[in-house]
Every structure is written in structure tokens, then in C-alpha cells.
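Trainee: Could you take one part of this model and walk me through it slowly, beginning with the terms I will need?

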2 protein chains.
Amino acid sequence: MPISSSTSPAVIRLAIDCMGGDHGPSVTLPATQAFLAAHPEAEVVLVGLPEALQAAAQWPRCHLLAASEVVSMDDSVEVALRRKKDSSMRVAIAQVKQGADVVVQAHACVSAGNTGALMAVARYVLKTLEGIDRPAIAAVLPNQLNGFTTVLDLGANVDCTAEHLLQFAVMGSALVAAVDGKENPSVGLLNIGEEAIKGSETIKRAGELLRAADAAGHMNFYGNVEGNDIFKGTTDLVVCDGFVGNVALKTAEGVAAMVYNIIKEEFTRNAFTRLAAVAAMPMLKRFKARVDHRRYSGGALLGLRGLVFKAHGSSDAFAFEQALNRAYDAARNHLLERVHDRILSTLSSMPASAADETPQTVKVATAA
Amino acid sequence: MPISSSTSPAVIRLAIDCMGGDHGPSVTLPATQAFLAAHPEAEVVLVGLPEALQAAAQWPRCHLLAASEVVSMDDSVEVALRRKKDSSMRVAIAQVKQGADVVVQAHACVSAGNTGALMAVARYVLKTLEGIDRPAIAAVLPNQLNGFTTVLDLGANVDCTAEHLLQFAVMGSALVAAVDGKENPSVGLLNIGEEAIKGSETIKRAGELLRAADAAGHMNFYGNVEGNDIFKGTTDLVVCDGFVGNVALKTAEGVAAMVYNIIKEEFTRNAFTRLAAVAAMPMLKRFKARVDHRRYSGGALLGLRGLVFKAHGSSDAFAFEQALNRAYDAARNHLLERVHDRILSTLSSMPASAADETPQTVKVATAA
């Protein structure tokens, strides 16, 4: 059922892995219901074990697609790729592929399943886009400007070359343009100082490539940024390798959790502090809402020939719905085409050496 | 004036760079005064421009040592090393060296001067310890257990081998043992997952070396930890390369600053919230005190043939005094000998390949 013939261009259809995440259908189904209610022009393809999908049998704008297996949160990449070929995760991803294997064509896929498995299966099923050597995971973190900073890569790529970092910057710029509506987002290169001479050889070379892309008018490169700039909101986008990005993300989560626990401890210390907590409750609630990680649930897997979004494994219905919203916005604003166009125009303006080092061919996992 | 002849072993003498940091003598002198009052058996060597030291001319247990130059917070490593050979920073460091150039022998040096210059000058003047290839910077971050987690390296070394990470673990263990009194501190290797198969080749190899050191009884290796474990207090010590450590530190500072600013905004929104803030003030103050970065001021430069401690450039007198306290504790508890003994016994038990890859000779900057 190709999209062009069966639906008007205004309809966006999401393929949803209903079994993914810590809570499965008890979270994904209510989230989907809320999403459908808020988006009258959206459709969904619910993928899961037949018995899990029964509750949605009568829902409007909802296609049900049975899968016989579930990728658990602990399954290795190998198990997800080779042993569970009819998993809800894989079937959902397959619906965003153009062409074969597609039962109900969708514009984007959303799963709360385990990240490693999701990336591996998505990469195997969809392949990477032309000009992209490695897909990356992007997510948003709250900043002091009451907005969000998009950061990538967050763990898909442990060792990166300067060319990979350039590709991340291009893909991230397309994401921010599509989802946040900023056509020319500013890009920061995560480093250990602002000066161009700081950092490893890879980082310095990445800085040169980003400056060249900026000079050629393909990017809005701000320069080096440091870890705290993510939360200051210095740039719209922060680019780093997956190891550093993952450490930064987990560090931020760790500080936030510690702060939350200390505040809770201090306010529940005795009768007086509990009373003060009542007075302070509205402010504490607003504070919590502003840094609520559920608001920025929904990492994007970028660089694939299809849109895949990842909700946090521990997502509740609110968080999962935010991931659906982001996938919907990305599809509606043609993220896939934006990434494709940007990467080709950027690479075309690069010095020959950079282009040479960036394989144009698709690299695919050899499994399954 | 060698220590052994002029003072009883119970006396600890600190060499203090009075000119370092954003505020210079206006911070370092009051901090020194408070430190001396709290430690009746301590002595100090105050190093700085003669006019800056006049205020301390009559202080007891205080030697004044003139320097004709000051390393500014913006000075490059080259300027600090080659052009300002009579800087207060360099003269202060020289006092912890055994032997030549020493006017008043000290047990440890403290400076709030710029980190790059401090490390470069300290490395040049003191040289590295036997068995240590690269010095590292260690600092403590607050954790949820109402304690501290020691993290290194925090920026001295951008690219690290597995052997360097092992050396950091050994030096950090000695630091925690000397300063925090934990004889067998647990060590975590910062990674992007708990499983031993996670991370880059360097990290995996470092994990092997750390497990071998643990098996040989030279270390208490916990295993891989993630960014959030720093703040959970999962291990006493977290080891990483300087790039990752610096990003984690700046990220933590960024989240903390954002949280602080958001709480402030929410509590100053209107008359009602200001009133609530009054009620909540004791708890907010306690919260602030628990995460106060001044309490954990005082990074240690480890792996040198002398003890050097770094206070934050923006230190106020309280923060600078904490750095003096840490330097004092380290000297009193023989940190230098502990690092030396631990590194030699650990290396002696390593497989031949690891020992081979760890140069035993001293590497020195070629400047000055």
C-alpha cells in the first residue's frame, strides 16, 4: 500500500512498535489513543502480538499488524537481528521502507525498545542514506532559555572520524529545521575549550570541516562549545561522538536525579520543612515540569532511508506520546528529504580529501 | 631549608601562589589566614609580588617569598613556561621540589592559576614520577550519598591509552586513600554501559588491565560505570580520559547552573512565590550547601614528583581554603609516597605487554 496512491499527502501515518519499552502495550496504546485524538489527520499502524492489539480493534485511523515475537529490553543485537525476524520492532521498522515487505506503508516508525537492537535492526532493514557513513542518535535536552538543545551522537558510534562528525552536524541541522522550525540552526562542536586549537586531532579536523561547510553556506557553524553550553543553550545543536555524547547525557541525568533527591530529602526532613514544601509546591512543580525528561523523550535515528524514532525505555504514556509527536512533525516536515538534500550539497562543497574519506556507498550490518 | 632538619615531621608547610585565580591576594590571603588559624601546626610559604604580600608581613608561621611576575588567567602555556620564569606560580611550585632552586622547602603547593599553565609548569619543574607516563588532574564531585566521588582525568590528557587509564586508577586510589581515608577505594571505569564488551578498544583494554590489577590485589576494581554513577556514588573513584572527564565536569556544572537559575526564576516570579521562597529558604540553603562547588574545590595534579593542588580560578576565600585543606591532608597522609608505592607494585604485577607499553622514563616538556 504505497503512500502516494492510498492517502492524501496531508495524512501522516506512524508505524508503532506496541511491545517495546519497559511497559509495552499498557503505555503505547493509551499514548497512541491520545496522539490520534490530538491529530485528526494522522493514522497509525499498530504492530504487536495479536492479543496485545485487541484493545485497539475498533479504533479509527488505526491499522493492526500482527508480529509473532518481541525484542526484550535485554536482548542482544544478535538476538534481535538473527533470531527474532518477526519481532514487532522489525515489522514496525519495515513499514517505513519503500518497496518490498511493506504491508501498510508508514512515514515514520516509533519504538521504546532497546536502543542497540533498534539501531541495528533499523540499519539492516532500511540501510543508510547516500553520503552517510554511519547513522546517529539525536535527542534534545532542556536548556536555560526555556528551550531545547539537540545533541548527537548519543551512543550509536563509539569511535568517530572528523567526517562522521560533519555528517552528524548536517543531519542534526536537518532535524532541528524539520522538527523545531529553525531553518538555519547554529551548530556547536563539543570540545574542552572554545579555542580552535583545543581537543584531539579528530576534533580539530572536524572543526576545519565544519568551518569549510559554514564558509560554503551549507551550515551555521558557531565553533567549539563545552559541556555546560548544552544547558546554556549557546547553540541549537551540539555535535560529538557517541561515547562523549552518552557520557554527557548520563551525567546530566545523574545530576538531575541527585538534585531531585536532595530537594526531596530536605523538604521532608521534619514537620516544618513539610509545611514549607506545601508553600513551595507550585514552584517545585513548575521547576520539575521545566526539566521533565518526559517532555524531551523521542530520540531520532538519523541517516537511515526511513524515519525511526526512539522513546525512552521507561516511557510512560505522556513520554511515549511526545515521541509520537516528534516523529509526526519530522515526517510532516520531510526530514528524510532534508537530510538527503543537505548531506549531498554539503559534501559537494567539501575539499576533495574530505569527500574521498566519506564513503558514498551504503554500509550494512552483515547479519540476519 | 630542607624539611627534615628545620621542622619536626608533624609540621606541614604549604607553598601558596598568592597571585593566581581571578581575585589574587584579595582571596588567597584571607583564605590563608583562616587556614593557619584552623591548623596550628601548619606553616605557609606565601609567594607573590612583594607589594601584594605586605599585609602578611607580621603573620606567624608564614614565610614570604617574592616573585617578579604573574601568570594571568589568559596566558598561554608557552608564555607561562618560557617568558615568565620568575612567576609566583613557578616559584611556588619550585618550593615542593627536592633539592636545587628551593628557598623554603614545602610539602605541597596550591594555586588558583590557569590550569593549562599550572600543569605545564609543574610538569616542567617537578617531572613525572617513576612509572607514570602522564600526570592527570583529579577532583571530587558531590554524590547522592552525601559524600564525594573522585574523578580523573579532568582535562590534562586528551588522548589516552589503556595503560594511562590504569595509571590514573592507581594514582586516584592513592589520592582517595590519603585524603578521604578509604584505604581500598572502589574504582569505576567510565563507559557507555555496564557490560565489559561496551566501549572503544582502548576502554575494553583498560578494563582488562584494571581487572588484572584487581586480581593481583592492587586495586578494588568495580567494573564499568556510566555518567550518572558519578552522582549516585556507585564507586569512590571514576576513571576516564581527559576529554570525556572535562565534558562530564562541564556538563554537570551546566545542569547545576540551569537548575539553580530555574529555581531562582520560579521563586521570584511574583509576590506569592517570593513569600513561599522565604518559607522554603532554609531547605534551599541546605540544598545549595550540599551541591556547593566551593566545598569540592581543589583538584589534585597527580603523577608529579611533588604535590600540586589547583583551586578553581573563580575561588572565593572559602573555596581557596578548601583547596588548602585538601593539600594539607594529602601532604600529611603522604600522598606522594602512596602514589609512588602503588604504581610500582601495580606495574610489577602487570602482564609484560602492559608494562612494556608504559614508559618508565620521565617525559618532560622541552620548553623554558
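Mentor: A salt bridge here is a side-chain nitrogen of Lys or Arg within 4 Å of a carboxyl oxygen of Asp or Glu. By this rule the count over all chains of this predicted model comes to 22 salt bridges. One of them joins the side chains of A:Glu43 and A:Arg13, with 2.9 Å from N to O. A:Glu43 belongs to strand S2 of chain A (residues 42–48) and A:Arg13 to strand S1 of chain A (residues 12–17), so this pair ties together parts that are 30 residues apart in sequence.

Let us now look closely at the helix pair H10 and H11 of chain A. Two packed helices are described by the angle between their axes and the distance between the axes. Helix H10 of chain A covers residues 242–267 and helix H11 of chain A covers residues 271–291, and the two pack at an angle of about 155° with their axes 10 Å apart. Angles over 145 degrees count as roughly antiparallel, and H10(A) and H11(A) are therefore roughly antiparallel to each other. On the side of H10(A), the residues that meet the partner helix are A:Val259, A:Tyr260, A:Ile263, A:Glu266 and A:Phe267.

Where they touch, twelve residues of domain 1 of chain A are in contact with eleven residues of domain 2 of chain A. About 880 Å² is buried between the two domains of chain A, and carbon and sulfur atoms give 76% of that area. Within domain 1 of chain A, the residues that lose the most area to domain 2 are A:Ile12, A:Met119 and A:Arg123, which together make up 58% of what that side buries. The count of salt bridges between domain 1 and domain 2 of chain A is zero.

Across the interface of chain A and chain B, in turn, the rule finds two salt bridges. The side chains of B:Lys250 and A:Glu226 meet in a salt bridge, at 2.3 Å from N to O. In this interface 50 residues of chain A are in contact with 50 residues of chain B, and the two chains bury about 4500 Å² between them, with 74% of it on carbon and sulfur atoms.

Methods: Residues numbered from 1 in each chain as written. Chains lettered and ligands numbered in written order. Predicted model: local features only at pLDDT ≥ 70, side-chain atom pairs only at ≥ 80, totals over all residues. Heavy atoms only, no water. Axes fitted to C-alpha atoms, helices over the stretch in contact; angles between N-to-C directions. Helix = DSSP H or I, 4+ residues; strand = E, 2+ residues; numbered from the N terminus. Parallel < 35°, antiparallel > 145°, perpendicular 65-115°, else oblique. Contact = heavy atoms within 4.5 Å. Buried area = accessible area lost by both parts, 1.4 Å probe.
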